[in-house]
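Hi,

Here is the model we talked about, handed over for you to look at. My notes on what turned up are below the structure.

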Amino acid sequence: MEVIHKIGRRKTAVARVYVAQGEGKITVNKKDMADYFTTATLQYKVNQPLTMTNNDGNFDITVNVYGGGITGQAEAVRLAISRAMCEVDTENRGILKPEGLLTRDPRMVERKKFGQKKARKKFQFSKR
């Protein structure tokens, strides 16, 4: 099996994932996954597609991720790994699709508008 390359995005985070046959090591930005994603919740999000498809210790995964915050990065990595698992075996699609792991979350931060305080909040209008 050659290396599979997939991209996942969430908010402004972009994750590039390289999946190769191996013993289950996940490296994120040249660090171990446990060092990069410190909380158990983020580690669970990253491992979710692997555990659901029973591929926990089968692949070595190298991740380059940038932009956004730590949660957006973890969810971008999850999407990329899910896409890679579908390429490994097409039957994995039926497992991951109902859980929503193959759907790109389109929610982005709304931009601030000119003449306003924030995206939606206006300056207070005082009538004397």
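Five strands make up an open sheet with mixed pairing, and their order across it is 1-2-5-3-4. The edges are strand 1 (4-10) and strand 4 (31-32), each of which pairs on one side only. Bear in mind throughout that this is a predicted model.

Within the sheet, have a look at strand 2 (residues 13-21) and strand 5 (residues 59-66): they run antiparallel, joined by eight bridges. If you want a spot to start from, Val19 has Ile61 in strand 5 as its bridge partner. As you know, strands of a sheet pair through backbone hydrogen bonds, either parallel or antiparallel.

Helix 3 (residues 70-88) lies across strand 1, strand 2 and strand 5. Relative to strand 1, helix 3 runs at about 145°.

Stepping back to the whole chain: the protein has four helices and five strands, and from the N terminus the elements go β-β-β-β-α-α-β-α-α.

Now for the overall dimensions. A compact globule of 128 residues would come out with a radius of gyration near 14 Å, whereas this chain has 18 Å. Along the principal axes, the C-alpha atoms fill a box of roughly 75 × 30 × 25 Å.

As for contacts between residues at least 6 apart in sequence, 66% join residues at least 24 apart.

Cheers

Conventions. Residues numbered from 1 in each chain as written. Predicted model: local features only at pLDDT ≥ 70, side-chain atom pairs only at ≥ 80, totals over all residues. Heavy atoms only, no water. Pairing = 2+ DSSP bridges. Helix = DSSP H or I, 4+ residues; strand = E, 2+ residues; numbered from the N terminus. Contact = heavy atoms within 4.5 Å. Axes fitted to C-alpha atoms, helices over the stretch in contact; angles between N-to-C directions. Rg over C-alpha atoms; globule rule 2.2 N^0.38 Å.
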